[in-house]
Amino acid sequence: MKFFRVDEEQADKQFFRVLGGTGKCQIASMILKPGQVSGEYGTEHPQSDQILFVMDGNGFALTESEKTQIGAGDLILIEAGEEHQIGCEGTVPLRTLNFYSPPAY
């Protein structure tokens, strides 16, 4: 078993942090401040599926097919190679847990 804790001060240091994983999957946390986006629209994991769970906050998920509003409790599957961008549109940070299979970073 491996144990991970999301650092509450992560957003002040870096918005994306790989927490750990195995040879088959990887876990990361992302904390976007209001108005911040995950990066340029595109893909940074062409070989890995991503499951993104929204823990807190509100924002959007932009993919090739649509822009979807997201909020706490939402779960998104971004397929390997699918272009995308995540953004925070609320007044509080958008906090997510991200799962990649196979590992992407």
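Is Phe 99 buried, partly exposed or exposed? Phe 99 comes out as partly exposed, at a relative accessible area of 33% (buried is under 20%, exposed is over 50%, and partly exposed is in between, using a 1.4 Å probe and protein chains only). This is a predicted model, where local features need pLDDT of at least 70 and side-chain atom pairs count only at pLDDT 80 or more, while totals for chains, interfaces and linings use all residues. Residues are numbered from 1 along each chain as its sequence is written, and side-chain values use heavy atoms, with hydrogens and water left out.

- Phe 99 sits in strand β8, residues 94–101 (strands are DSSP runs of E, at least two residues, numbered from the N terminus).
- Strands β3 (49–56) and β6 (75–78) each put at least two residues into the patch.

**Leu 97, also in β8**

- Leu 97 is in strand β8 too, but Leu 97 counts as buried, at 18% relative accessibility.
- Leaving aside residues up to four places away in sequence, Leu 97 touches Val 6, Leu 19, Ala 28, Ser 29, Ile 51, Leu 52, Phe 53 and Met 55 (contact means heavy atoms within 4.5 Å).
- Leu 97 and Val 18 are 79 residues apart along the chain, yet their C-alpha atoms are separated by 9.9 Å.

**The core**

- The largest nonpolar core has eleven residues, including Met 30, Leu 32, Leu 52, Val 54, Ile 76 and Ile 86 (a core is a set of buried Ala, Val, Leu, Ile, Met, Phe, Trp, Tyr and Cys residues joined through side-chain atoms within 4.5 Å).
- Two or more residues of this core come from each of β2 (26–32), β3, β6 and β7 (84–88).
- Among the contacts of Leu 32, beyond four places in sequence, are Phe 15, Val 37, Ile 86, Cys 88 and Leu 94.

**The salt bridge**

- The count is one salt bridge (a side-chain nitrogen of Lys or Arg within 4 Å of a carboxyl oxygen of Asp or Glu).
- Lys 67 pairs with Glu 89, their closest N and O atoms being 3.7 Å apart.
- The pair links distant parts of the chain, 22 residues apart: Lys 67 is in strand β5 (residues 67–71) and Glu 89 in the loop between β7 and β8.
- Lys 67 is partly exposed at 48%, and Glu 89 is partly exposed at 41%.

How values were computed. Helices (H or I, at least four residues) and strands (E, at least two) are DSSP runs, numbered from the N terminus.
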